[in-house]
Amino acid sequence: MRAGKHDVRDYDEADLDIEKPKTHAAGATAVAVSMKRALGHMGPVRTAKTLLDLNQAEGFDCMSCAWPDPDPGHRHVAEFCENGAKAVAEEGTTTRATPDFFAAHSIADLDSRTEHWLGQQGRITHPMVKLPGARYYEPIEWDDAFRLIGDQLMSLADPTEAIFYTSGRASNESAFVYQLFARAFGTNNLPDCSNMCHESTSIALQESIGIGKASVTLEDVYAAELIVIAGQNPGTNHPRMLSALEKAKQNGAKILSINPLREAGLVNFKNPQTPRGMVGPGTDISDMHLPIKVNGDLALFQAFGSLLVEWDCIDHDFIDRHTNGYEDWKAHVTAVDWDVVTSSTGLTREQITDAAKMLRDSKATVFCWAMGLTQHRNAVATIKEVTNLAFAQGNIGKKGAGLFPVRGHSNVQGDRTMGIWERVPQHFLDSIQKEFGFDPPREHGHDTVDSIRAMRDGKAQFFLGLGGNFVQATPDTDVTAQAMRNLAMTVHISTKINRSHLVTGDTALILPTLGRTEKDVQATGPQWISVEDSTCSVHSSRGPLKPASEHLRSEVAILTGIAEAAIGDRYGIDWKGMRDDYRLIREHISRVVPGCAGYEVNVRRPGGFILPHPPRDSRTFETDSGKGEFVASPIEVLHVPDGHLLLQTLRSHDQFNTTIYGLSDRYRGIEGGRRVVFLHRDDIAALGFQDGDFVDLVTRWEDDDIERCASNFRIVEYDTPRGCAAAYYPETNPLVPLDSTAMESNCPTSKSVVIQVVRAGTACEPVGHGHQDDTGSDWSHKTHPQPHHLS
Ligand SMILES: Nc1nc2c(c(=O)[nH]1)N[C@H]1C(S)=C(S)[C@@H](COP(=O)(O)OP(=O)(O)OC[C@H]3O[C@@H](n4cnc5c(=O)[nH]c(N)nc54)[C@H](O)[C@@H]3O)O[C@H]1N2
Ligand SMILES: Nc1nc2c(c(=O)[nH]1)N[C@H]1C(S)=C(S)[C@@H](COP(=O)(O)OP(=O)(O)OC[C@H]3O[C@@H](n4cnc5c(=O)[nH]c(N)nc54)[C@H](O)[C@@H]3O)O[C@H]1N2
Ligand SMILES: [Mo]
C-alpha cells in the first residue's frame with residue numbers, strides 16, 4: 001500500500017474478505033439486502049412510497065437497467081429487484097450535500113475521497129459554481145448560472161467547440177429538448193454513454209437488419225425454445241431477467257450461456273416472489289455453459305454457423321425470401337479453421353458441437369447479449385455473426401425468436417430514439433427543419449472518444465453533461481481528466497456528487513436536478529415523463545416523492561433555461577412553453593420522431609405502446625438491398641504476448657456503473673473491497689504469485705508508448721479460462737487506451753485489455769497530486785502521456 005495519500009479512504013484492502021462464489025442468485029438474501037438498503041437510506045415511509053410504485057403502470061420507471069416490464073395486470077406487487085431497490089435508495093436518500101457541505105470541503109479534499117464516499121454524501125441541494133482560481137464550490141442563483149453558461153457558449157469561436165454529453169437516464173422529454181438545443185446552437189456534438197456501451201450493437205444491427213434495436217418482446221422470451229445468453233451477467237445487471245428466464249424454462253425453454261465466468265445468476269435462480277425461491281432449491285438456469293476465453297465469441301459463432309450448414313439445419317425459405325449474401329457466408333463459415341476456433345475460444349470441438357446441437361434442435365431461439373460482446377475490437381463483426389446465425393435458422397420476426405441486445409441504462413434506447421446521436425440520420429434532421437424552421441448542422445458530431453480527443457487537442461472549450469460521470473466512465477482516465485481540465489467551462493446536471501464535478505474546467509457548475517423518484521411540478525401543474533425499454537416499449541413515469549430540495553429543477557427546466565440564455569428566441573422556439581407543459585414537447589416528438597405519431601395518447605395508455613420494428617413486425621429489412629444482410633467477417637485473433645493476460649473490466653453486484661453502492665460483490669464472494677483481480681490458478685502460479693498477493697496491473701499498448709498502470713490489486717483465484725483476467729470498472733479504466741476502440745463503432749475495448757501483472761509497488765509511480773480511484777490508489781502513468789493524435 002502506498003503511504004501518504006490514503007488517510008481519508010473509507011475502507012482498506014486489509015479488510016477484504018474472500019469467500020467461495022455463490023451458485024445461485026437472489027433468494028431471501030436479496031430481499032433482506034433490498035430492505036436494509038432502502039430503509040437505511042430512506043426510512044420506512046419513503047421506502048413504502050417508492051418501492052410499491054416502482055415499475056407499476058401508474059408508477060415510476062426503475063432508473064436502474066432497461067429490462068422491460070411485464071404487461072399491466074401481470075406485474076407483481078413488488079415488481080423490482082435488489083439492485084433496483086438500491087438504485088431507488090441511492091436517489092431517495094434523506095442525506096443532503098448542502099452549501100455548508102461544499103464550504104467545509106475544498107475541491108481538492110473531495111477529490112481525495114473515493115467515489116463510494118462521494119456518493120454517500122447525499123443529494124445536492126443547490127446550484128453550485130467554482131469560479132476560475134477558486135478552491136471551493138459556492139452556491140449560485142439559477143438565473144446567474146444560466147447567464148454564465150449562456151455567455152460562455154456565445155463566446156465560443158465555433159459551436160463545435162461545445163460538447164453535449166448524455167447518460168442514459170435522461171427522459172425522452174429532456175433528451176428531445178437537449179438535442180434540439182444542441183442543434184439550434186449549431187452542433188451535432190451529442191456523445192452519449194451508448195458510445196461506450198451498445199454502440200457496436202447499433203452499428204452491426206443497422207447494417208444487418210436495418211435497425212439497431214432488439215427484435216423481440218418479453219413474450220418472445222417466454223415462448224422461446226432456446227435462449228442464448230452471451231457476454232451478459234443478468235443476475236447482477238438485469239436481475240428481473242431471471243424471472244423471465246424462469247418463466248421461459250417453465251414453458252420448456254433451454255438456456256445456453258456463453259461466458260468466461262460462471263456467474264451465479266446463470267447457474268440457479270431463487271425467485272424471491274415464490275415460496276420455492278425463498279426456501280426451496282430454486283430454478284436451474286443454464287442447461288449448458290461454455291466457459292469461453294475472453295474475445296473468443298466471433299470464432300465460436302462462426303463455428304456454430306459452420307456446423308448448422310454442415311447439418312443443413314438451415315431455413316432456406318427464409319433465406320431466399322428475406323436475406324442477401326447467404327452463399328458467401330456459407331462458403332466462409334464452411335472453411336472455418338477449427339484450430340483457430342479452439343485456440344481462440346479455449347473450448348473443445350466436442351463442447352462446441354454439443355452447444356450447436358442445442359441450436360439445431362430449437363425452432364425458436366432468442367439471442368441475448370450485452371457488454372461481453374460489445375466492448376472488443378472485433379465487436380461489430382461478432383454481433384453481425386450472431387445475426388448471421390439468426391438468419392440461418394429464420395430466427396427473426398417469428399414468435400419466440402429474435403435478437404435481444406439487452407440495454408444498460410434505463411432510457412439509453414429512448415435517448416437515441418429522441419435524437420441524442422452524433423450521427424443522427426439526415427431524415428431526422430429534415431424533420432427538425434420542417435418542425436422548427438431552422439436548418440440544423442448536417443455534418444456528424446463527436447462521439448465520446450472523439451470528444452475526449454477534441455478536448456485533449458484544444459478543439460473544444462465547453463462540456464455539458466446531462467447526467468453521467470464522464471471522467472470515471474470513459475477510458476484512459478488520466479488522459480480524459482487532463483482533457484477536461486483543458487476546458488474553459490464544465491457543467492454537470494446531476495443528482496449527486498461524483499468525480500466529474502472535481503476534475504473541472506476553469507469555471508465549473510453543478511446543476512442539481514430532480515430524479516425519477518420525485519414529483520415534477522411546473523407552471524401548468526404536475527408533469528410526467530416517458531421512457532423506452534430494451535424491447536422498444538415506450539411508457540410513462542411519474543415520481544412519488546417530494547423533491548430532495550425546493551431548489552432543484554427538472555432536467556427539462558434546466559435545459560430550457562440554458563437554451564434561453566444561450567440562444568434566446570433565435571428561431572422562435574418556445575422553450576418556456578415546453579418547460580411549463582411537457583405536452584408541448586410530446587407534440588413536437590409526435591411530429592419529428594419516426595414511429596411516434598399520436599405520442600401523447602399512446603404513451604399514456606397503461607403499459608404504453610411499442611415502437612415499430614420492421615424485421616420484428618413483418619420481416620422487412622430497411623437495408624440498402626431491402627433484405628437482411630449476411631455479413632462474412634474474417635476471424636481476427638487478438639494477439640496476447642507471452643506473460644500477458646487479457647483483462648475484462650466488469651461490474652460488481654454493488655454498483656451502478658460509476659456509482660458504488662457498497663463493497664459487496666456477494667455472488668462472486670468478494671466482501672469489503674473492490675481492488676481485486678480474478679485469475680486462473682495456473683496463471684497465478686506461472687506468473688510466480690500466490691492467491692492473496694498484491695499486484696499492479698500494467699498496459700503497454702503497442703500503438704503508443706504510454707505505460708498505463710493501476711496499482712495494488714489483490715489476486716483472487718477464480719474459475720476463469722487461462723489467459724483471462726477480470727477486475728472491476730471503473731478502477732481499471734486508467735488501463736484502457738483511448739485509441740483502443742472497436743472497429744466501426746469506436747467503442748472503447750473495455751473487455752479486451754492486454755495487461756501484465758507485476759508485484760505491487762514495482763510498476764505504478766504515485767503522482768504528486770490528483771485523484772484516487774475507488775480504493776484510494778493513485779491514478780498514475782509512469783510516463784506522462786503526450787498528446788498522441790491518430791487522425
Ligand atoms: N446493478 C446494475 N445494473 C446495471 C448496471 C450496473 O452497473 N449495475 N449497468 C447497466 C449498464 S449501463 C449496462 S451496459 C449493463 C451491463 O450489463 P453486463 O453486460 O452484464 O455487464 P458487465 O458487468 O460489464 O458484464 C459483462 C459480462 O460479460 C462477460 N464477458 C466478458 N468478456 C466476455 C467475452 O469476451 N465473451 C463473453 N461471452 N462474455 C464476456 C463477463 O464475464 C460478464 O459476465 O447493465 C446495466 N444494469
Ligand atoms: N472499463 C469500463 N468502462 C466502462 C464500462 C465497462 O464495462 N468497463 N461500461 C461503459 C458503459 S456500458 C456505460 S453505459 C458507461 C456509463 O457512463 P455514465 O452514464 O456516464 O455513468 P454513470 O455512472 O451511469 O453516471 C452516474 C451519475 O449520473 C448522475 N445521475 C444519476 N441519476 C440522475 C438523473 O436522474 N439525472 C441526472 N441528470 N443525473 C443523474 C449522478 O450524478 C451519477 O453520479 O460507462 C462505460 N465505461
Ligand atoms: Mo451501458
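**Helix packing, domain contact and backbone geometry**

Helix H8 (residues 199–209) packs against helix H20 (residues 379–392) at an angle of about 45°, and their axes are 8 Å apart. The model is predicted. Angles under 35 degrees count as roughly parallel and those from 65 to 115 as roughly perpendicular. H8 and H20 are therefore oblique to each other. Their crossing is right-handed. On the H8 side, the contact is made by Ser200, Thr201, Ile203, Ala204, Leu205, Glu207, Ser208 and Ile209. H20 contributes Ala379, Val380, Ile383, Lys384, Thr387 and Phe391. By class, the contact of H8 with H20 has eight nonpolar, four polar and two charged residues.

Only angles over 145 degrees count as roughly antiparallel. H14 passes H17 in a left-handed crossing. Ala299, Leu300, Ala303, Ser306 and Leu307 make the contact from H14. Trp338, Val341, Ser344 and Thr345 meet them from H17. This contact of H14 with H17 has six nonpolar and three polar residues, and no charged residues.

At the level of domains, the assignment gives domain 1 as 124–197 + 413–614. Domain 2 is 198–406 + 640–790. The C-alpha centres of the two domains lie 30 Å apart. Across the interface, 41 residues of domain 1 are in contact with 43 residues of domain 2. Together the domains bury about 3,300 Å² between them. Of this area, 51% is on carbon and sulfur atoms.

Most residues other than glycine have a negative phi, and most peptide bonds are trans. The peptide bond from Tyr729 to Pro730 is cis, with omega near 5°. Pro730 lies in the loop between strand S33 (724–728) and strand S34 (753–759). Asn657 has a phi near 50°, a positive value in a residue other than glycine. Asn657 is located in the loop between strand S26 (655–656) and strand S27 (659–660).

Key:
Residues numbered from 1 in each chain as written. Chains lettered and ligands numbered in written order. Predicted model: local features only at pLDDT ≥ 70, side-chain atom pairs only at ≥ 80, totals over all residues. Heavy atoms only, no water. Axes fitted to C-alpha atoms, helices over the stretch in contact; angles between N-to-C directions. Helix = DSSP H or I, 4+ residues; strand = E, 2+ residues; numbered from the N terminus. Left-handed = near helix turned anticlockwise from the far one by under 90°. Contact = heavy atoms within 4.5 Å. Nonpolar A, V, L, I, M, F, W, Y, C, P; charged D, E, K, R; others polar. Domains from an automatic or database assignment. Buried area = accessible area lost by both parts, 1.4 Å probe.
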